[in-house]
Amino acid sequence: MTKRVREHKIETPKEKQNRHKAMEAIALLEKIKHDFKEPPKAMDYFYTLYENVHCKRQSLHPEKVKVGTMCIQVPSEIIHALDAVPLRLCNGFYTDDEIGSDLLPAKSCPLVKATVGQFVSGNFSDKPDLVVSPTTCDQKAKSGAIIEEMGYKIFDMEFPRTKESAESREYWRRSVRKFTKELSTDLNKKLTKKNLKESIKKVGYAQHLYHKLTTLRKNESSPILGLDMFLVTNAFFFDDLDNWVKATSELLKECESRVEDELNAATKKSPRIVYTGSPPIFPNLKIPLLIEDSDAIIVADETCSSNRMFNDMVSVDEWFVNDMVDSVADRYLKGCTCPIFTKNNDRIRRIIDLVKEYKADGVVYQAFAGCQVYEMEQRSVLQAMEKEGIPIIYLESDYSPSHLGQLTTRIEAFIESLKNRRRKKQ
Amino acid sequence: MKYFVGIDIGSTAIKVALVDENEELVGHKISASGSMFYKYAKQSLNELLTELKIDEKDVVYTVATGYGRKLFKEADENISEITANAMGAVAAAKGECNIKTIINIGGQDSKAISLDDEGTVVNFAMNDRCAAGTGKFLDVVAMNLELEVDELGDYHFKSEGAPLAINSTCAVFAESEIIGLLGNDNSVEDIVAGVHYSIAKRIIKLVKRVGIKEGIYFDGGPALNEGLVYAIENELSKEIFIPEFPQITTAYGAAILAHESYGYEN
């Protein structure tokens, strides 16, 4: 018997990874676009953006210097002021998680594995020219060194583990000053009163838009799904700032008129959820998807891939360069509710505030298996919620697409219990 | 001249292969299993002999294999399709590729077989009696997309977007997923590519259970689907060997065994 004639070349490892990522991305987008009530038209910008970046591998910043950031704690105002683009590299792809698994311990956090995995594959639609790695959680801090070994330029940014003390504040301010100085030298750009003020205002305006948009979700009829909001906020990781602002303004306008028309993205019966814990990052919106698929709606979140990026604005006393740099630094330390801190009562307070302000029926707390700090803080958050009489469910998950069955059952049961609770109250 | 016959009675098709004393394939026939396995198998064999102008008496040894092998009473011997598949694959690739791993996708099941250096079966795995990732599954997909099964391969290569994966492991649920994708105005090409990659991923899980060793052979009707072949190669990142007649490997193996058994007995 004869062998067939080969017409198509087998994919290179890189092509295969890209196809896997494209398939992950499109599968999620298809669900968000079609499994729910019609989304706001302005969401099309974001759907197309994800498709362009992850399926068509389109570069968004071909001309610019790109500064990769390993964590939310890197001040984007400084990077913008120096005419570079910050790209947050926290990654949600299972394909990259599997690649990163070869380098990291089996019980590591999937987000860190996926982030490292992307460096291993080198598959970036916009490749960072240098990478800033803040010493926030252990796994991220250690990953910086692994990435450096691969030949990337890394800047370790020291970050304190307490935030109440005067020492930690000063320590972090010095760290930000050092970062500013080194980045400025590296990029050969001077930080001026003008460019820093402009970038503070620009990022501040984006935050303002987010606030206005998310406030609309306080209405009994939330005009937008939590899933769509995660897409909007996740896009802030990598999108061109001006384009993001433009698209979000459009979305805001549309959502305002949806509120007037009492258009509800879910139904009046749908329990309202506050989401907290390890960050949902595209395309790992697995848990939010399960929640909203089970007839609940996420009305607010306390995560570093969404609310925490926008919540606190820079507040400047004096518009001089050094004062502004310090004010920028303060925003990132004082407002941060990351569980890496020794004590973290701010986070509990914020969750309770969100539940009250957004009239939520319950809280979903999700931790990535391997994300120790979120796993550890689960206890104190659960206790605090119990004290307040707020229903909460704690879930552990990772990026793997299998074993959804058990998670689905738990989430459905939780949502049903919230519905019952509401019925009894009425 | 003496002839040796292998008959593979599968869930969907009956395959008959006939070899001579040199174990050269003289002819073969593929027909639908229908509802009467025995009758159709007999009919198929007779037709083949007529076509080849071979007298029934010259067929000295017959081995039956496959799902319906026990129904074919005239057979001198019957063996499991796993053994027959392994023998057929090693013989079909002889001189071109040293087969160590076999992927077989049939009408109703899929298998992965691992061989040692001598071509003996060391391990195998089968899917769990579910049509997902089998030939039947491709039939259902083609029907939903209003295509013929043999058009699927071409459509795969016309896909321009990202392949749209089918997540359901059940053929019935997958069908509704496909209808959903069509309803959302997705291109048939992207759906076809997605289906192929979904099957490929499932098959690879099966192959991993027995271990992936190079020298990979793929047979069964779906191996005629170049799109599926390509998807499996991409998922494995390895070349696979496709025989000239992928559907008859098992029947061919049975025919070779018929020759060997005959030699042993006489």
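This is a predicted model: local features need pLDDT of at least 70, side-chain atom pairs count only at pLDDT 80 or more; totals for chains, interfaces and linings use all residues.
How much space lies in the second largest cavity? About 250 Å³.

**Chain A**

Select chain A. Along its principal axes, the C-alpha trace spans about 80 × 65 × 40 Å. A compact globule of 426 residues would have a radius of gyration near 22 Å, and chain A agrees with this because its own value is 21 Å.

**Two helices in chain A**

Next, select residues 43-55 (helix 2) and residues 241-260 (helix 10) of chain A. Their axes come within 8 Å and cross at roughly 140°. On the helix 2 side, the contact is made by A:Met43, A:Tyr45 and A:Phe46. Helix 10 brings A:Asn243, A:Trp244, A:Ala247, A:Thr248 and A:Leu251. Six residues of this contact are nonpolar, two are polar and none is charged.

**Cavities**

The whole structure has four cavities of 30 Å³ or more. For the largest, select A:Val53, A:His54, A:Arg88, A:Gln118 and A:Phe238, which lie nearest its centre among 24 lining residues. The space inside is about 340 Å³. Helix 2 of chain A gives the most to this lining, with three residues. The lining holds 12 nonpolar, seven polar and five charged residues.

Now return to the second largest cavity. Select A:Ser76, A:Pro86, A:Arg88, A:Phe236 and A:Met309, the residues nearest its centre. Its lining has 17 residues, and strand 2 of chain A gives the most, with four. By class, 11 are nonpolar, three polar and three charged.

**Chain B: a helix crossing**

Move to chain B and select residues 81-92 (helix 2) and 249-265 (helix 8). The two axes come within 7 Å and cross at roughly 90°, so these helices of chain B are roughly perpendicular to each other. Among the residues that meet here are B:Ala84 and B:Met87 of helix 2 and B:Tyr252 and B:Leu257 of helix 8. The contact residues comprise nine nonpolar, five polar and two charged.

**Chain B: a pocket**

Last, select B:Ile105, B:Gly106, B:Gly107, B:Gly221 and B:Pro222, which lie nearest the centre of the second largest pocket. Its volume is about 1,000 Å³, and 45 residues line it. Helices 2 and 8 of chain B are among the elements that give two or more residues to this lining. Which helix gives the most? Helix 3 of chain B does, with four residues. The pocket lining divides into 12 nonpolar, 18 polar and 15 charged residues.

Definitions and conventions: Residues are numbered from 1 along each chain as its sequence is written. Chains are lettered from A and ligands numbered from 1 in the order in which they are written. Side-chain values use heavy atoms; hydrogens and water are left out. Axes are lines fitted to C-alpha atoms, for helices over the stretch in contact, and angles run from 0 to 180 degrees between N-to-C directions. Angles under 35 degrees count as roughly parallel, over 145 as roughly antiparallel, 65 to 115 as roughly perpendicular and the rest as oblique. Contact means heavy atoms within 4.5 Å. Ala, Val, Leu, Ile, Met, Phe, Trp, Tyr, Cys and Pro count as nonpolar, Asp, Glu, Lys and Arg as charged, and the others, Gly among them, as polar. On a 1 Å grid over the protein atoms alone, a cavity is a set of points where a 1.4 Å probe fits but cannot get out, and a pocket is an open set with protein on both sides within 12 Å along at least five of seven lines; lining residues have an atom within 4 Å of a point. Grid points are joined across faces, edges and corners, and a volume is the space filled by probe spheres set on the points. The radius of gyration is taken over C-alpha atoms; the globule rule is 2.2 Å times the number of residues to the power 0.38.
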